[in-house]
Amino acid sequence: MSYPVIDIHQHLWPAEFVDALRARADPPLLRGWTLHLAGEPPFEVDPADHEPSERAAREAGTAVALVSLSSPLGIEWLPPDESEPLLDAWHRGAAALPDPFRAWAAANVLEPDEQQVREALGSGCAGLQIPADAMRQPADVERIAALLAVCEQADRPVFVHPGPATSPAADVPGWWPPVVDYVAQLQAAWWSWHVAGRALLPRLRICFAAGAGLAPVHHERLAARGGAFDRVDPGVFVETSSYGPRGVDALVRVLGIDPVVLGSDRPYAEPVDPGLGEAAARAIRCSNPRRLLEGGTP
C-alpha cells in the first residue's frame, strides 16, 4: 500500500480533557479510569488508549487520523456553564496532539453558539462533530443550522456521530446502546438531513458515522412508502466503522464507492477489509476521505 491513509473516526482524549472529566461531580465523569455516563453501564477505560505517543506509534501508514470528543458522553447537551470547561479542554488538548492526529471540533447544541465553532475551526480543527441525536427530526436540523453554516462558509466538513444512549443502563446488555440506540440515532439523522439539511446548506459536506446506521440500505423502503431517492448527493459521505464486507458492500450497492470513507473508531474497533479490491480500498482509505476534508469531485 503506497497511498496515504486517512482515518476520519478515532478517539483519543488528551490529558487536559481527562482532567476536566475527573473534576466533575455528575456524569459524564471519570473516577480514575472508570467512565460514568447517564445512559450506559460504567466502562473501564484503558489508559494506553489515551496516551498520545503510544497511540501515534500504532498508526504506521496513517497520514491523518481525525479524533473526536465522543458525543455519547453527552457534553454537547450540557448547560453551557458545564460544557464550556470540557469543550475548552478538548480543543486545547487536541490541538497539541502529535501527528498523525487532527481533531473534530465540538460545540454546545443545547444553546448553539456559532462563535464557538468559528474559534475551534480557527484553532486548527478539521471540521465540526455533531451528535446524531441533535438531528432526530428535520426541525432539529433547522435549529442547529447556524452551527453547520459556519462549516459551510469555512469549506469544512461536518461529522455526525452517535450521541448519548437513551436506554436504561441496568435493563439492557452492554452492547445494546451501540447496536440499538446509536444506530437508531444515525438513521434518524440521515433522513432528517435529506428532508431538511441540503435545502438549508447547499454546499456543506457532511459525513455520517457507522454507515449512517445503514440507513441508505432502506431507500427501497422509502420508495415503497411514497418517498423518493432520485440521486446520490456528492456532498454526503458515510464511514465504515463497525461494518465489514456485508455492510460496506450494501452501502456501495446503493451509494456507489465515492461517498464511502474509512472510519475505524479506534481504540474501540479496528478497520475491516471489505474485500472489494485494491481500487476500492484506495478510494475508501485515501481518495474519498480527502474529498470529504478538502472538497473536489470524484
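**A guided conversation**

Guide: Strand β7 (residues 127-131) has 5 of its 5 residues buried, so it is largely enclosed by the rest of the structure. Buried means under 20% relative accessible area, exposed means over 50%, and partly exposed lies in between (1.4 Å probe, protein chains only). Helices (H or I, at least four residues) and strands (E, at least two) are DSSP runs, numbered from the N terminus.

Visitor: What kind of model is this, and how are residues numbered?
Guide: This is a predicted model, in which local features need pLDDT of at least 70, side-chain atom pairs count only at pLDDT 80 or more, and totals for chains, interfaces and linings use all residues. Residues are numbered from 1 along each chain as its sequence is written, and side-chain values use heavy atoms, with hydrogens and water left out.

Visitor: Back to β7, then. In which sense do β6 and β7 pair?
Guide: Strand β6 (residues 101-105) pairs with β7 in the parallel sense, over 2 bridges. Two strands are said to pair if DSSP finds at least two bridges between them. Within this pairing, A105 stands opposite L128 in β7.

Visitor: What holds paired strands together in a sheet?
Guide: Strands of a sheet pair through backbone hydrogen bonds, either parallel or antiparallel.

Visitor: How many strands does the open sheet have, and in what order?
Guide: The open sheet has 8 strands with parallel pairing, in the order β1-β5-β6-β7-β8-β9-β10-β11. Its edge strands are β1 (5-10) and β11 (260-261), each of which pairs on one side only.

Visitor: Let us change topic. How many salt bridges does a search of the whole structure find?
Guide: The search finds 9 salt bridges. A salt bridge is a side-chain nitrogen of Lys or Arg within 4 Å of a carboxyl oxygen of Asp or Glu. One of them joins E82 and R24, whose closest N and O atoms are 3.0 Å apart. E82 lies in helix α3 and R24 in the loop between α1 (15-22) and β2 (29-31), so this pair ties together parts that are 58 residues apart in sequence.

Visitor: Are those two residues buried or partly exposed?
Guide: E82 counts as partly exposed, at 30% relative accessibility, whereas R24 counts as buried at 11%.

Visitor: Which side chain does R198 meet in a salt bridge?
Guide: R198 meets D233, with a distance of 2.7 Å from N to O. R198 lies in helix α7 (residues 176-200) and D233 in the loop between α8 (219-224) and β10 (236-239), so the pair ties together parts 35 residues apart in sequence. R198 is buried at 15% relative accessibility, and D233 is buried with a relative accessible area of 12%.

Visitor: And what about E270?
Guide: E270 forms a salt bridge with R266, the closest N and O atoms being 2.8 Å apart. E270 is partly exposed at 48% relative accessibility, while R266 is buried, with a relative accessible area of 18%. Elsewhere, D49, E54 and R58 are linked in a network of salt bridges.

Visitor: Which residues form the negative surface patch?
Guide: The patch is formed by D81, E84, E111, D113, E114 and E119. The elements giving two or more residues to it are α3 (80-95) and α4 (114-122). E114 lies in helix α4 and counts as partly exposed, at 31% relative accessibility.

Visitor: How is such a patch defined?
Guide: Patches are made of residues with over 30% relative accessible area and no salt bridge; like charges are joined within 9 Å, and nonpolar side chains (Val, Leu, Ile, Met, Phe, Trp, Tyr) within 5 Å. Lys and Arg count as positive and Asp and Glu as negative, while His and the chain ends are not counted. The place of a charge is NZ of Lys, CZ of Arg, CG of Asp or CD of Glu. Accessible areas come from the Shrake-Rupley method with a 1.4 Å probe, and for residues only the protein chains shown count as cover.

Visitor: Finally, the backbone. Where are the cis peptide bonds?
Guide: One joins P27 and P28, with omega about 0°; P28 lies in the loop between α1 and β2. Another joins D99 and P100, with omega about 10°, and P100 is in the loop between α3 and β6.

Visitor: What is the phi of D155 and of A212?
Guide: Most residues other than glycine have a negative phi, and most peptide bonds are trans. D155 has a positive phi of about 60° although it is not a glycine. D155 lies in the loop between α6 (145-154) and β8 (158-161) and is partly exposed at 42% relative accessibility. A212, also not a glycine, has a positive phi of about 55°. A212 is placed in the loop between β9 (206-208) and α8, and is buried with a relative accessible area of 0%.
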